[in-house]
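Morning, everyone. Let me put the model on the screen and walk through some local geometry.

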Amino acid sequence: MLEDYYEKFHADSGYERLLFRAGKGLQSRELNDLQSQVSHQLKGVADVLLKDGDLVKGGEVVIDAKLATALITEGEVYIAGQVRPVMSSVVPIDMAASVDVGVWLTHNVVTEEQDPSLRDPAVDAINYDEPGAARLQQICQWGLLSDAIGPDDAFYPVHKIEQGTLIIKQPPPQLDAVTQALARYDREANGGSYVVEGMSLSYRGAELEQQGFSLEEGKAHIEGYEVAFATARTAQFDYDPDIGSVKEEPKTFQANEQGVMRIDTDFFPVRQIEEVNVTVEKATQLTRGQLSGGEDLLPDESVLEILSITQGDTTYIQGADFIFLRNHISWQLSGQEPAGGSQYEVTYRYRKQLTVDYDEYGFNLYKQLADGGNVVDNTLVTIDYQWYRPRIDLIVLDRLGQIKRIKGQASHQFPTAPKAPAHHLALAQVTQSWLSNQAPDIENLAVRAVSMSQLEQMQNQIGDLYQLLAIERLRNDANSQDPASKYGVFVDPFIDDDMRDAGIAQTAAIVDGELVLPLSADIAELPVPNEGLLTLPFELEDVLEQPKQTGSMKINPYQAVEPIPATITLTPSLDHWTQTQRNWTSPITRRFTRGGGWARRTTQSTQTQVVSRTTRSAEFLRRRWVNFSLSGFGGGEALQRVVFDGIAVTPEEI
C-alpha cells in the first residue's frame, strides 16, 4: 500500500454517514472512508441477489477436445460487490480430470509514476502538474485454480468441466436470491430431486482395473438446482470387489470314467484357490534299516494309515509285526521284520496339498497324480479359496454435476443396496456379480418428471378403466342371476347361446340381447376401371389462374462470400434401433347391427387387439459400421488427426 494512504473504515463501528462540519479541515482519510462505506452498503444489497462468481452476461464455454483447450467468451461476472467485465480467453484443460474455470481478480496500485496522466491537469493553478490521488486497479481474467498469479489475488470459480464435458448449471443472469427461492419452491412442490429428461446410465466395460460407465445427456433438478449435460458423460470407478474367504470347504471325491472330477465351489466367482487337500493312496519301496527293531521313515508327511506291507510272498501284519508311530514304521514288536538293508513295499494313505488350475467356478481334480499316487474315491476333499462377494452399488449425482458411486454392503446372498445421501440424486443401481463374461446389471431408478400431456393421458386411461370396470360389473351381475326356470317360468337373458338346446337345429340368432331371424348378405362390387376411379363424364375448366409472374435478380452477382468451412458427414448419422415383441390374441369376430326395429343391416368384421405392449432398454447395442466423409478443405490444409468418441480413426483420401 501507499505510505501516505490512510483508511480507518470498519463496518463494526456502526458509522453510517460522514458529517462534514464548517470550519474544520477536510482529511484525506475521510474521503477514503466515504468510498469504502458506499462500497460496503452497495455490496450488502447486491449480495442478496448475487453471489461471487455468478454470470450476469456472456461467458460461454467452447471446449476443443482435440487441442485440450476451453474458449471462454467475454462476459460480465459479479465479484466482490460489483459486476466486472472479463475479456475472452483460451485456457488449457485436462480432459481426464475435473477442472474449475473461473476469474482471477488482480489488484494493482497505480500512481503518477506509472501513469503521468494522474497529475493535476489544471493549468495556471497552484497545484498544476502536482501528484494527486493514486488509483486502485482491479483486472479480471479467465483462468484455472492452478494458475496462481499473486499472493493478494483471488480466484472465483464460475464453470466446472468434468472430463472434457461442461456441467451446465443456471444460465445467466444468475440471481442468487431468486435462484434459491425457485429451488425452495421446486423442492417443496416436487418433493426433492428428479430427472427432467435423459440421464440414463449404461455400462461401457472394464479396463485397467476400472469400470467404465456412460451417462446419457439430459437435465436434472437436484434439491431445486438445475444440472444439465449437453453431451453424454463417462465415469470411471475402481474395480474393487469385496473379497470373501472360505476355509476347508468339504467335497467328496468321485471320479468319472476318465478319472476326472469337476469340483465347483459353493461360492463364485473364484479369485484364488489357496489350498486343495486330498487323500492319496500310494505304494512305494522302502529300505529296511540295519538296526533290528528300529524304525523306517515314510517318504510323505501327514500319513493317515498303512494299508499293507509286503516283501515277496510275506505279508506283515500291523499290531503283530509292526506299528505305525510318528509317521514311521516301527519294528519294535517281537514279530517278523524284513532283513536289514532289504527292500519291502508299503501301501499307505496320506493327506496331500495340491496345486490346481482353476477358473471362476471351480477346477478339475484328476485321480492319477504325477508322483504315482491316486486320489482315493469317496474320501474328503477340502478347499481353501477366496471369492468375489456380490454387491449392489448406487450411482448418484450431486449439485455440482459430479457422478459418484456409493458402495453397498457385500453379502454372500441378497446384498443390500445403499441409500442416496442428502443433496444427491440417485441415478441407478449397479448389481455387481464380478463375473468376467457378464456385465453388471444396471437398473435406472431415478425419479422422472411427468409432463402435463402424460398426466392428461393417464387421466383418460383411468377414466377408461373405471368405465370398463362398470361394464364388467354389469356383465357379472347379469350372469350371476339364475336364468333357469322359477315357478314354471323359463328365462333366457339372450346374452349368449349357453341356454339354447344344442341338440336341436337353431334357426334364430342372438344379436345384442335379442332373438332375431338370421340374415344372409351377398356383397356386390361395382366394376372399377383401370384408372382406379369411377366418375361421371366431366370437362376440366380453369377456376383460378395466374398468368403473371414476378421477376428475379441476383442477390450476390460477384460471388463475394466467405470460404465454406470443412464439413464432416457421418453415414449413418443416427441409428434408430427398435425391437418390438407383441402378444396377439386370436382373431375376434364381432357382429354389429344398425337401424331400428326389425329393419336391420348386419355386417361382419374381424379385429385384432393388442393385449399388452412392453418397452425396455436393450442390454447390448448392435455393432454398426460408421463411414466418415470429410470435405471442404482448402489448398495447403493438412489433416492431422480424426477422433470419434475418444477413438482415433485413420482417414483415406478419395
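Start at Glu248. At 58% relative accessibility, Glu248 is exposed; that term means over 50% relative accessible area, buried means under 20%, and partly exposed is in between (1.4 Å probe, protein chains only). Glu248 is not a glycine, yet its phi is positive, about 55 degrees. The residue belongs to strand β17, residues 242-252. Strands here are DSSP runs of E, at least two residues, and helices are runs of H or I, at least four, all numbered from the N terminus.

A word on the source. This is a predicted model, with local features needing pLDDT of at least 70 and side-chain atom pairs counting only at pLDDT 80 or more, while totals for chains, interfaces and linings use all residues. Residues are numbered from 1 along each chain as its sequence is written, and side-chain values use heavy atoms, with hydrogens and water left out.

Next, Arg326. Here too phi is positive, about 50 degrees, in a residue that is not a glycine. Where does Arg326 lie? In the loop between β23 (323-325) and β24 (328-330). Arg326 counts as exposed, at 57% relative accessibility.

Phe268 and Pro269 are joined in cis, with omega about 5 degrees. Pro269 sits in the loop between β18 (260-264) and β19 (270-287).

Now the rings. How many aromatic pairs does the structure hold? Ten. Phe, Tyr and Trp rings (for Trp, the six-membered one) pair if their centres lie within 6.5 Å; planes under 30 degrees apart are stacked, over 60 edge-to-face, the rest tilted. Take Tyr203 and Phe213. They pair edge-to-face, 5.4 Å centre to centre, with 65 degrees between the planes. Tyr203 is in strand β12 (residues 201-207) and Phe213 in strand β13 (residues 210-215), so the pair ties together parts ten residues apart in sequence. Tyr203 is partly exposed, at 26% relative accessible area. Phe213 is buried, at 2%.

Then Phe322 and Trp331. This pair is tilted: 5.7 Å between centres, 55 degrees between planes. Both residues are buried. Phe322 and Trp331 also belong to a cluster, linked by ring pairs with Tyr316 and Tyr344.

Last, charges over rings. That call needs NZ of Lys or CZ of Arg within 6 Å of the ring centre and within 35 degrees of the ring normal. Arg399 lies over the face of Tyr225, 3.7 Å from the ring centre. Arg233 puts its charged end over the ring of Phe229, at 4.8 Å from the centre.
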